[in-house]
Amino acid sequence: MARSKDDRPTRPLPPPASLSSDALYFLNSKLNSIEALDGAPALLSELQIQSDAIDRTLSQLNTELQSHLTRHSSYSNRVGSLFSNVHAQLDDLRRLSTHPSSGDGESRRGMGEELQALAKEVARVETVRNYAETALKLDTLVGDIEDAVSSTMNRTLRRHPSMKDLEDMRAGALRALKLTEDVLSSVIKTHPQWNRLVSAVDHRIDRALAILRPQAIADHRALLTSLGWPPPLSSSSSNAKGSSNAKNPLFTMQGELKLQYCESFLALCGLQELQRKRKSRQLEGHNKDVALHQPLWVIEELVNPLSIASQRHFSKWIEKPDYIFALAYKITRDYVDSMDDLLQPLVDEAMLSGYSCREEWISAMVFSLSTYLAKEIFPLYINKLEEESEPAIQTQARVSWLHLVDLMIAFDKRVQTLAANSGILLSLEEEDNMQKMSSLVVFCDRPDWLELWAQIELRDTLDKLNIELEDDRNWIKEGESVTLLPGQEESKSPGIASAVFRSLSSVIDRCRSVPSFSLRSRFLKLAGAPIIHKYLDCLRQRCQEAEGLTALTDDTALIKVAKSVNAGSFFQSTLEDFCEDVFFLEMETKQSGSIETAGDLDATDKGIFREEIKKLEEFKMEWIEKLSTVVLRGFDALCREYVKNKRQWQEKSDETSMLSRSFIEAMDYLQGKLSLLEEGLNKTDFTRLWRSLAAGIDRSIFYSILVGNVKFHDGGVQRLSNDLTVLFGVFESWCLRPQGFFPKTSNGLKLLKTAKKELKSTLMVDERWLRENGIMQLTVGEVEKIMKNRVFSS
């Protein structure tokens, strides 16, 4: 029961030690001052109201809990009663199902085992029944198939078999084959343990198909012959303006002949689709993509006789491959429209999924041509290349080889355009599709021929490039201005860099047609990378020649090195941009094995030519550093007297402080060399050079003057300040705060200018003191040494 307010006597607070931490915290927060004690009655009233509310809520919860417990007890009693009835009924059932004897336990176990055995036997009988029914059904279907095949064979042996009867029998056999395949697919899914039954049926089906397919193909070929296929090539080959005058038997067939061809076409497509389904079932769980997509049989039957007829012409043109490719393309183009207009609807009707007649026609023609090239043309050229005693024959063979590759690349581009004109989106980026549409697939089967091609290509490119490299005009005259990036200065690169890049681009463009990512990479390593190495060797040789003649003290030598640096820098930047093309990124991704692996590559990794780009960068940094060192060495030589003159730093403040002659000469030298290099170098590399030079001058002045055994009076500090102002002024053309690039010298001068009072009051120099006084880039030891050298006038 909750108590009323009147029943609650006011009690004094208990001792603090008896209160909980929460209570103490509450009292301290509410009664923390004398003024807060005045509000104690109001606080007491608020707490009593909250206590009453909590008491009422607790009373309601107690009432609800008691009600829930009462209902739960009632439900528990009812459930217990139900369980008791169930147990009693089970006991009665157990007594009725057993004999009243001393062996009741053994009898119950025996009955359970008999029931289990009976259930297993029932299941076994059901399985045997299903197996027998399935085996009988399959035997009936296979029997029908074998009967149909036998009938077609007997009909074929007749002198004048009826084509309609043959097609009807073949259609019946095909229906039975499809039903059999459906049953076998169902058996594999529901009863995988019946593999012997499936194997036996497959064996009988294979024997039937071994007869049915060749027979169907032979009948189809006979029908094509009666249609007039292949058409004569003489009229087609003499027509240079296309297929308007070339007769296409597929378009001219009519009536019963057309109907027979369509039925034969559909029968072959049906057989191929059945074969695809059987392979899919048999290769379940394996990599079956390659095995499933086979060339379309009906298209092969059109291409094969054309290929045989065209090879009679090809054999006459071994020395004139231009004619071979012209005829192959003309045949491909003249009949490609009939594939879309006449044959594609039949393929769709046969429900042969994943096939485009246009694509199959073109790929079959390409395969026919590439096979002929591999058997007849390339071996002849290789034999000529191996004639060591006849250099002229070798040279001619290399020219013929490159010309043949040119023809293959041009042919591939034309037939791929034919494929794209169908309106069907063909993913030519996929390696399998690329190989289907490329005569260069011969190199996929013979990688050794690809390496031979790369050697020939490299030799031909270097022979042409050497002429450009040896022409001094290409090293002096700047080529066309090329902007590296938006907003950057022109590269100032000589024309030779563009010439080399054009040569490399030509090799890369020829490599694009190779229908294999791995072979593209291999080709570029063999034929592309050596071009870059040759160019880099030539750049290094020119720089070394300039260094060897005058040790880079002559302005002409400096300009020669600067132009070589420009040529290397431009080529490197252009090559880096080029390597970000999709062609290179895709090649790198395919080689790395997965997109995730390719994504883990370093951002600075430039793919195929990563090593060459790294060497170009090293060359550039090496010679920029050498240019900086040469200028710094000359500056130090002119400043030698200036550094030795220690008396100039001991001048009093009222003495005239003028620039020394040697320092003026050093400034003139520095200004002249930097102006010359600014004119000769590109903006990016010149920025690296002057920053490197500034860092070297900073170290030289600091260690030779500021921390040397020199005493600085007020006048000497002023003189040094004036000298450094002139030095900083030389670099003002390329930055807003040149003293920032002379950190040690600037901070040393700042320390020398520190007031006498501040220095004298400093008891200890440490890192904190350096930070507080804005002294950066100097160590504690260097600061102490400078402070000791400072002399103040009395």
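Helix α14 gives the most residues to the lining of the largest pocket, contributing 10. The structure is a predicted model.

**Largest pocket**

The space in this pocket comes to about 960 Å³. Its lining consists of 33 residues, and those closest to the pocket centre are His-293, Pro-295, Ser-363, Asp-432 and Lys-436. Two or more lining residues come from each of α10 (289-292), α11 (297-314), α14 (357-385), α16 (431-436) and α17 (442-445). By residue class, the lining of the largest pocket divides into 13 nonpolar, 13 polar and seven charged residues.

**Surface patch and a buried position**

Elsewhere in the model, Leu-659, Ile-664 and Val-726 make up a nonpolar patch on the surface, and their accessible area together is about 200 Å². Leu-659 sits in the loop between α26 (640-644) and α27 (661-680). Val-631, by contrast, belongs to helix α25, which covers residues 610-638. The table sets out the accessibility of Leu-659 and Val-631.

| Residue | Relative accessibility | Class |
|---|---|---|
| Leu-659 | 35% relative accessibility | partly exposed |
| Val-631 | 1% relative accessibility | buried |

Val-631 counts as buried because its relative accessibility of 1% is under the 20% cut-off.

Notes
Residues are numbered from 1 along each chain as its sequence is written. This is a predicted model: local features need pLDDT of at least 70, side-chain atom pairs count only at pLDDT 80 or more; totals for chains, interfaces and linings use all residues. Side-chain values use heavy atoms; hydrogens and water are left out. On a 1 Å grid over the protein atoms alone, a cavity is a set of points where a 1.4 Å probe fits but cannot get out, and a pocket is an open set with protein on both sides within 12 Å along at least five of seven lines; lining residues have an atom within 4 Å of a point. Grid points are joined across faces, edges and corners, and a volume is the space filled by probe spheres set on the points. Helices (H or I, at least four residues) and strands (E, at least two) are DSSP runs, numbered from the N terminus. Ala, Val, Leu, Ile, Met, Phe, Trp, Tyr, Cys and Pro count as nonpolar, Asp, Glu, Lys and Arg as charged, and the others, Gly among them, as polar. Patches are made of residues with over 30% relative accessible area and no salt bridge: like charges are joined within 9 Å, nonpolar side chains (Val, Leu, Ile, Met, Phe, Trp, Tyr) within 5 Å. Accessible areas come from the Shrake-Rupley method with a 1.4 Å probe; for residues, only the protein chains shown count as cover. A salt bridge is a side-chain nitrogen of Lys or Arg within 4 Å of a carboxyl oxygen of Asp or Glu. Buried means under 20% relative accessible area, exposed over 50%, partly exposed in between (1.4 Å probe, protein chains only).
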